[in-house]
Number of protein chains: 2
Amino acid sequence: MDLLKKVNSFIEEQHLLKKQDKVLVGFSGGADSLALLDVLRSLGYNCVAVHMNFQLRGEEALRDEDFVVDYCREHSIALYVERVDTKAYAKSKSVSIEMAARELRYDYFHKMLSMTGAARVAVGHHSDDSIETFFINLLRGSGIRGLKGISPLQGKVIRPLLCVDRQEILSWLKQRNLQYVTDSSNQETLYRRNKIRHQLIPLLQSIEPSASAAIVRSMQHLTAPASLYNKAIAEAMDRLKLNNSFGDTQDCFIQSSDFESYPEQYISLDISALEQEPLAADILFEWLSAYGFDFRSIEQIWVRRKGQSGRQYFSATHRLLLDRGRFLLNENKSPDNRLYPLEEGVFSWTEPVKLSLSLREANKELPRSASCACLDADKLKFPLLLRRPLPGDSFVPLGMKGRKLLSDYFCDRKKNLFQKESCWLLLSGQDIVWVLGERIDHRYRVTDSTKRVYCFSLSEAK
Amino acid sequence: MDLLKKVNSFIEEQHLLKKQDKVLVGFSGGADSLALLDVLRSLGYNCVAVHMNFQLRGEEALRDEDFVVDYCREHSIALYVERVDTKAYAKSKSVSIEMAARELRYDYFHKMLSMTGAARVAVGHHSDDSIETFFINLLRGSGIRGLKGISPLQGKVIRPLLCVDRQEILSWLKQRNLQYVTDSSNQETLYRRNKIRHQLIPLLQSIEPSASAAIVRSMQHLTAPASLYNKAIAEAMDRLKLNNSFGDTQDCFIQSSDFESYPEQYISLDISALEQEPLAADILFEWLSAYGFDFRSIEQIWVRRKGQSGRQYFSATHRLLLDRGRFLLNENKSPDNRLYPLEEGVFSWTEPVKLSLSLREANKELPRSASCACLDADKLKFPLLLRRPLPGDSFVPLGMKGRKLLSDYFCDRKKNLFQKESCWLLLSGQDIVWVLGERIDHRYRVTDSTKRVYCFSLSEAK
């Protein structure tokens, strides 16, 4: 009965549950979650089981679902079962299967928490899981976040079995004469975790018999430093305005007025402001690792921060541009390579930008604004085209005589690569007649001999 | 030449040395320190070699010394050699041989730094040493101090080879065709370190080929959290007045006036003040581990902090007493069990306490102070004795009728075990006639029938 006592004290010490709390229990049918459900019920908690079928293991997943249903029926445990199409979700969100399962699981948990009015949702992680995660992160060159172990309490998710190890759980199940299912993918796919489980931890135990307990203790000692560190980093990120989302406009291409048609946003970080922070390298590390940059790349980015403008670094989802003393971070979306024809006789478009057209007389006063282009109508050849810049693009900027490469034009105007990439070009035949929001082509300007004027106008954002 | 470049950049990045610095190099003759000396000289530093013979390995130590002398003569390197009696030092200081060697080494380094005017002393630790230390500490359940790796710069000690591993060092020596000596004790005695070196690290590399680099990176990421944490702990220790030395008087037995004769000191910590600190458990951990308490004991001390007064915990050098809501920490010295006779006709003593005696007339006014005892001279039987309390000691406190156990007396007076242990008793025959600094025995008081009075007086501290 040692395990019951242990878990009970752990729940109390860590304030995981109150005696009267209703608790959801994530129940896969495997040893850990079965033990969790059994232990929590033995301790007198009001448990509701929740089971997810991720539909990744065909027959085996159905077998597990049946097992869970039978077990709960036999023991009169309220049960909710959810089937999800994990593969479709992963595809639609462009994330790994593992990440998809994780997101689906926690979404479902949160939905069920509010539906059932349960206080917490309990999952079956134990100390060996925490140790394995420690080593996986250690071998990734992770920061303190990855080394401080799995938390017993994260939001509303609790892990009451973190105080015991796999062996104790298996003994408990044996003693209680409880059967469980095994996940065959565990054995095959999780190469790294299995090597840690079956080779590394036994080796550590041969060096020090109480290795597991010592490692758990070492990880616990990292909790306080981690929380001080996270606080310091968060404060520095606030100072540097490195809010970790692309929800807010940070530094739009067109700054004078926000156009709905220019949704391109990126986060911009002044490198010398960063360098003045006491934890500069760590801030960069935490900031970029949150966007999927690996630890080795971040080290390179830090070392080469004084290097040539224009260098780019990529994670799976984001890219970082070094641009004249600044780091610019943007989502790494595949560029829009389409051509959008503008047919004659149409006077308003919404795709890819919100644009309107009016025909005016040449002798009337014409609008003067970067968001408007007044062009000699008789020189334009419909259908016009809208497209993104391509390498080698050039035009004759208004007021100039010669052709200029678009990249040089942007460089002169101290615009960065992200801004160049996110701009739209209006073409007539092969000629760029307007760099939207920037400048028209000299050859298409309104002159004394112009008879009719086409005025293109970018609509302002609401 | 990759190693040279690596070390050079590392020295620059970490600000270990300036080009014109004179640097002492700890030179054992082994691979690491030989490579260090050779690399620093190749980089153009002005090196002075220092060698210590700890005289622990007999002939082999002499062989190493000869090797070092020959090498330095051949390469025209200034060399200082020091022979020390490590065993005698360890015995005199009651520390382990390992600790003794460490202390002797760093004492010698500091002496040589000031003697030679060198800026720094370099030692040959490399990244494998740091990783091995990481695992040793991990398996001890260590705090962040033990996990953040060996520092490249600590005071004036630098470790320029921390950026390379053992293999790179051996390749460098091979390429330079340099012979070195091997320390046979390395193979035999350092069981744990060797198991980590020869089994654990290769296993980790089989899981992740760049394991060593990743672990070094993980350790580096702990540097910033560690320094924030150390600062927070130091501030809390200041608030709690947990100065980590027994040099200052914290809470003397006799508080009214400081007597030279009572050098007993201990550190006292109010547990509820501790509990109000956000990092309470961590503060206790850091405080006690500095006094040699092991991590598991500290956990127990924390968990049982509300328990019964009187419980004691021991480290090799210190002991902690739980006493009515306080932790009391004292050195763990073997008690003084001697008997100190006070012969008749002597009027002043310095051992074990500073005490003086005067003979007075009973009808004169007598001093009234806890530091004085005025006793009926005719009842005393010389030689009197001074000794520490023993279990079962009792006396009749002045003003009372019955005998009282000394422990009850101290308990009633809210004195703790340390105070009881550190007090001295004056005995006449089997009777305790005075608890020094506290109270005399009722039976030996001055009464109307007293003719001669002996006044004992504790001398005040300067």
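How many positive and negative side chains does chain A have, and how far apart do the centres of the two sets lie? Let's start there. Chain A carries 64 positive side chains and 59 negative ones, and the centres of those two sets lie 3 Å apart. Before I go on, please keep in mind that this is a predicted model.

Okay, overall shape. Chain A has 17 helices and 21 strands. If you box up the C-alpha atoms along the principal axes, you get roughly 100 × 50 × 40 Å.

Next, the partner. On the chain A side, 42 residues are in contact with 42 residues of chain B. Together the two chains bury about 3700 Å², and 68% of that is on carbon and sulfur atoms. Which residues of chain A lose the most area to chain B? Those are Leu139(A), Ile207(A) and Arg217(A), which together make up 18% of what that side buries.

Let me zoom in on two spots, one in each chain.

In chain A, have a look at Pro152(A). You'll find this proline in the loop between helix 7 (144-147) and strand 5 (153-154). Is Pro152(A) buried or exposed? Its relative accessible area is 18%, and the cut-off for buried is under 20%, so Pro152(A) counts as buried. Setting aside neighbours within four places in sequence, Pro152(A) is in contact with several residues, including Phe10(A), Gln14(A) and Leu16(A), as well as Ile158(A) and Leu162(A). For a sense of scale, go from Pro152(A) to Leu398(A): they are 246 residues apart along the chain, and their C-alpha atoms are separated by 64 Å.

Over in chain B, the one to click on is Asp441(B). This aspartate also lies in a loop, between strand 20 (439-440) and strand 21 (452-458). Its relative accessibility is 0%, so Asp441(B) counts as buried. What does Asp441(B) touch, not counting residues up to four places away in sequence? The list is Phe395(B), Val396(B), Leu398(B), Ile432(B) and Val433(B).

That's my tour, thanks.

Methods:
Residues are numbered from 1 along each chain as its sequence is written. Chains are lettered from A and ligands numbered from 1 in the order in which they are written. This is a predicted model: local features need pLDDT of at least 70, side-chain atom pairs count only at pLDDT 80 or more; totals for chains, interfaces and linings use all residues. Side-chain values use heavy atoms; hydrogens and water are left out. Helices (H or I, at least four residues) and strands (E, at least two) are DSSP runs, numbered from the N terminus. Lys and Arg count as positive and Asp and Glu as negative; His and the chain ends are not counted. The place of a charge is taken as NZ of Lys, CZ of Arg, CG of Asp or CD of Glu. Contact means heavy atoms within 4.5 Å. Buried area is the accessible area (1.4 Å probe) that two parts lose on being put together, summed over both. Buried means under 20% relative accessible area, exposed over 50%, partly exposed in between (1.4 Å probe, protein chains only).
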